[in-house]
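I opened the file to look up a few points of the fold and some single residues. My entries are below, in the order of looking.

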Amino acid sequence: MKEENIRRLQEILDKAVDNKEIAGANFCVQKEGREICYLQSGYRNVEQKKKLQRDSIFRLYSMTKPITAAAVMKLTEEGRLDMGEPVAAFFPSFRGQTVEGKAGERVPVQRDVMVKDLMDMTAGLMYPGYAGPAGRETDQVFVELDRRLFTDHPMSTAEFTERLGKCPLAFQPGSGWLYSSCADVLGAIVEKVSGVAFSRYLRENFFEPLGMEDTGFYVPEEKRERLAVTYQTGIDGMEPYCGNHLGIINAMDREPAFESGGAGLVSTVDDYMRFAHMLLQGGIYNGRRVLGEHTVRFMVNGGLLWNQQQEMEKQFTHIRGYAYSNLLRILQEEGKALHMGSRGEYGWDGWLGCYFSNDPQNRISIVFMTQCKDAGTLPVLRKMKNALYGNCL
């Protein structure tokens, strides 16, 4: 990449830090497996003036989801898991579920929730904050999850899933789309099918083969200095945010009982780039096959039914132009999107602003890491991506 283009990207990133949109960020681009740009700006700890480094560790939140999807696909390609299986085959509480009707009454499900419903967010499950009796019951599960975080009997991944299955659904399975705790249930299913803890399965099948040494569900004491502080927008700009969210311990200072497939991992820009590169290479990393070629093709080329797509676009206006499947966004209509890209580009982002995308047409991977509450895909990321596509590719 030309130096003038790298300078332009650095200026965009620095301006976002100077304007206190973010405390700091890492940004990395690879083309055909070769790094063409790495940038960093700002701080991992503003109060202590500790600058962000390349090995800084970030809470991924929902950027955990693509890794969970890869784990499900691994079990699928091995013939150990069927996407059409009902979740009730693994967790009995999902048998005989009910759906909240228009008048608040409960009606029986017309069919059971399937594994593929979880992969596409079409199960009718919820995250906290939705109205009605179904929403309140889901809220209660998350409240208890958080309440027990630091007790002698924290809620496990399996218990959380079993409890969630007892809650009414927002709609009939497969009839709509709602961003929810589906990936957390998938993590529990990976445990059931593999017979080992979710963390162990990910470590043995992905983190170790890919050399992702700083990725996991907590940060060991010897690495904790590298963990970036989470920030939120306050009256005077950026201020630390220390709350626990969706059962995730913000301090990341202990092995959790609840290993969240939807939000629980931490990682670094280089670790996540290894995962992204493996997918872009059709499942191969450094000559070693991690996922099958057809497996990856299935994972990154999905889509929703028409009515599901309409619901997704209503709820997630920031990813218009994209389809959704297998816990990934997939660009289908470039002109509808809020930033430049190429058809078939896929990836996801996280609650604190971490973001990744793979572009098979241009053979590029982008990983952006920051820690900003309620961020998702940030304006600074869209600006940098537009500058990248507009001037560098």
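This is a predicted model: local features need pLDDT of at least 70, side-chain atom pairs count only at pLDDT 80 or more; totals for chains, interfaces and linings use all residues.

These entries cover the sheet, one of its strands, the helices and a few residues.

I looked up the strand order first. The open sheet has 8 strands, and I read their order as β3-β2-β1-β16-β15-β14-β13-β12, with antiparallel pairing. Which strands stand at the edges? They are β3 (50-51) and β12 (322-325); each has a single partner strand, so one side of each is left without a neighbour in the sheet.

**Entry 2, strand β14.** I then followed β14, residues 346-349, to its partners. With β15 (residues 355-359) β14 runs antiparallel, and 4 bridges join the two. On that side I found Tyr346 opposite Asn358 and Trp348 opposite Phe356. Strand β13, residues 328-331, also pairs with β14 in the antiparallel sense, over 2 bridges. There Ile330 stands opposite Tyr346.

I checked the side-chain directions next. In a regular strand the side chains alternate between the two faces of the sheet. In β14, Tyr346 and Trp348 point one way, Gly347 and Asp349 point the other way, and all are buried.

The hairpin of β14 and β15 has 5 residues between the strands; among them I looked up Gly353, which takes a positive phi near 100°.

Helix α8 (residues 269-280) lies across β1 (24-31), β2 (34-45), β14, β15 and β16 (364-369). Against β16 the helix runs at about 155°.

Two packed helices are described by the angle between their axes and the distance between the axes. For α2 (residues 65-77) and α9 (residues 293-300) I read a crossing of roughly 135°, with the axes coming within 10 Å. That angle makes α2 oblique to α9. The crossing of α2 past α9 is right-handed. From α2 the contact takes Pro66, Ala69, Ala70, Met73 and Glu77, and from α9 it takes Thr295, Phe298 and Met299. Sorted by class, the residues of this contact are 6 nonpolar, 1 polar and 1 charged.

I looked up Thr157, which lies in helix α5 (residues 157-165). Is Thr157 buried or exposed? Its relative accessible area is 1%, so Thr157 is buried, the cut-off for buried being under 20%. Not counting residues up to four places away in sequence, Thr157 touches Asp184, Gly187, Ala188, Glu191, Ala257, Phe258 and Glu259.

Lys51 sits in the edge strand β3. Leaving aside neighbours within four places in sequence, I found Lys51 in contact with Gly42, Tyr43 and Arg44.

Most residues other than glycine have a negative phi. I listed two residues with a positive value. Lys20 has a phi near 60° and lies in the loop between α1 (3-18) and β1. At 45% relative accessibility, Lys20 counts as partly exposed. Glu32 is not a glycine either, and its phi is about 55°. I placed Glu32 in the loop between β1 and β2, where its relative accessible area of 58% makes it exposed.

Technical notes. Residues are numbered from 1 along each chain as its sequence is written. Side-chain values use heavy atoms; hydrogens and water are left out. Axes are lines fitted to C-alpha atoms, for helices over the stretch in contact, and angles run from 0 to 180 degrees between N-to-C directions. Angles under 35 degrees count as roughly parallel, over 145 as roughly antiparallel, 65 to 115 as roughly perpendicular and the rest as oblique. A crossing is left-handed if the near helix is turned anticlockwise from the far one by less than a right angle, and right-handed if clockwise. Contact means heavy atoms within 4.5 Å. Ala, Val, Leu, Ile, Met, Phe, Trp, Tyr, Cys and Pro count as nonpolar, Asp, Glu, Lys and Arg as charged, and the others, Gly among them, as polar. Two strands pair if DSSP finds at least two bridges between them. Buried means under 20% relative accessible area, exposed over 50%, partly exposed in between (1.4 Å probe, protein chains only).
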